[in-house]
Amino acid sequence: THSAWLKTRIRPSIPNAKILWLKRGNLYPNLIFCEKVQPQLAQFNGNQPEFIQLQKRLEELEAYAAIRVAGDFDSNELPSKVTPESESRKEEFANELTQKCPDGKTRFFSWHSRFTPGAGRVHFYPLEDSQSIIIGSIANQNTIK
């Protein structure tokens with residue numbers, strides 16, 4: 001019953017975003033990353049508070065996805081606040097929030113988890129037919145680009 005929690009406690013330290021990207025499959029087996037995320041990660045280095053918080057949000061999404069039942073997404077089950085974008089942001093950032101995913105489908109990434117300091121957001125899409133969650137973008141300082 002505590003395996004998900006234990007996994008978060010024994011995770012190796014990730015020194016920088018390049019290593020995070022290279023090891024993403026092992027670190028986050030239930031998260032699928034869109035290609036757009038790789039250059040977005042390049043804005044972070046390992047000692048930034050934002051990078052540490054970003055890793056925590058990804059770990060939370062991974063832990064939730066590992067126990068999630070396909071089809072069900074309950075934002076209240078995540079330890080951090082997770083919300084869809086407001087209608088005004090959906091309109092303003094419609095192009096940036098629409099991503100082509102590794103499976104070839106195009107999806108709109110409204111759900112997001114915030115990280116600080118600053119105004120960081122991890123935009124994601126929970127797949128209905130599996131436990132997996134797709135990470136569509138990682139933005140910092142009020143930019144989705």
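Guide: The conversation below concerns one arginine and a group of strands.

Guide: This is a predicted model, in which local features need pLDDT of at least 70, side-chain atom pairs count only at pLDDT 80 or more, and totals for chains, interfaces and linings use all residues. Residues are numbered from 1 along each chain as its sequence is written, and side-chain values use heavy atoms, with hydrogens and water left out.

Visitor: Where is Arg68?

Guide: Arg68 sits in the loop between helix H5 (49-67) and strand S2 (82-83). Helices (H or I, at least four residues) and strands (E, at least two) are DSSP runs, numbered from the N terminus.

Visitor: Which side chain of opposite charge is nearest to Arg68?

Guide: That is Glu128, 7.3 Å away. Arg68 is buried yet has no salt bridge. Buried means under 20% relative accessible area, with exposed over 50% and partly exposed in between (1.4 Å probe, protein chains only). A salt bridge is a side-chain nitrogen of Lys or Arg within 4 Å of a carboxyl oxygen of Asp or Glu. Lys and Arg count as positive and Asp and Glu as negative, while His and the chain ends are not counted.

Visitor: What lies 3.2 Å from a polar atom of the Arg68 side chain?

Guide: The backbone oxygen of Ser130 lies at that distance. Arg68 also touches other residues, among them Phe73, Pro126 and Ile133, not counting residues up to four places away in sequence. Contact here means heavy atoms within 4.5 Å.

Visitor: Changing topic, why is strand S6 called largely enclosed?

Guide: Strand S6 (residues 120-126) is largely enclosed by the rest of the structure because 6 of its 7 residues are buried.

Visitor: In which sense do S5 and S6 pair?

Guide: Strand S5 (residues 111-115) and S6 pair in the antiparallel sense over 5 bridges; two strands pair if DSSP finds at least two bridges between them. Arg114 stands opposite Arg121 in S6. The two strands form a hairpin with 4 residues between them, and Gly118 in the turn has a positive phi of about 90 degrees.

Visitor: And how many residues join S6 to S7?

Guide: A hairpin of 6 residues joins S6 to S7. S6 and strand S7 (residues 133-139) pair in the antiparallel sense over 6 bridges, and Tyr125 has Ile134 in S7 as its bridge partner.

Visitor: Is S7 covered or exposed?

Guide: S7 is mostly covered, with 7 of its 7 residues buried. Strand S1 (residues 31-33) pairs with S7 in the parallel sense over 3 bridges, and Ile32 stands opposite Ile134 in S7.

Note on methods: A polar contact is a pair of N or O atoms within 3.5 Å; within protein, one must be able to donate a hydrogen and the other to accept it, and residues adjacent in sequence count only if both atoms are side-chain atoms.
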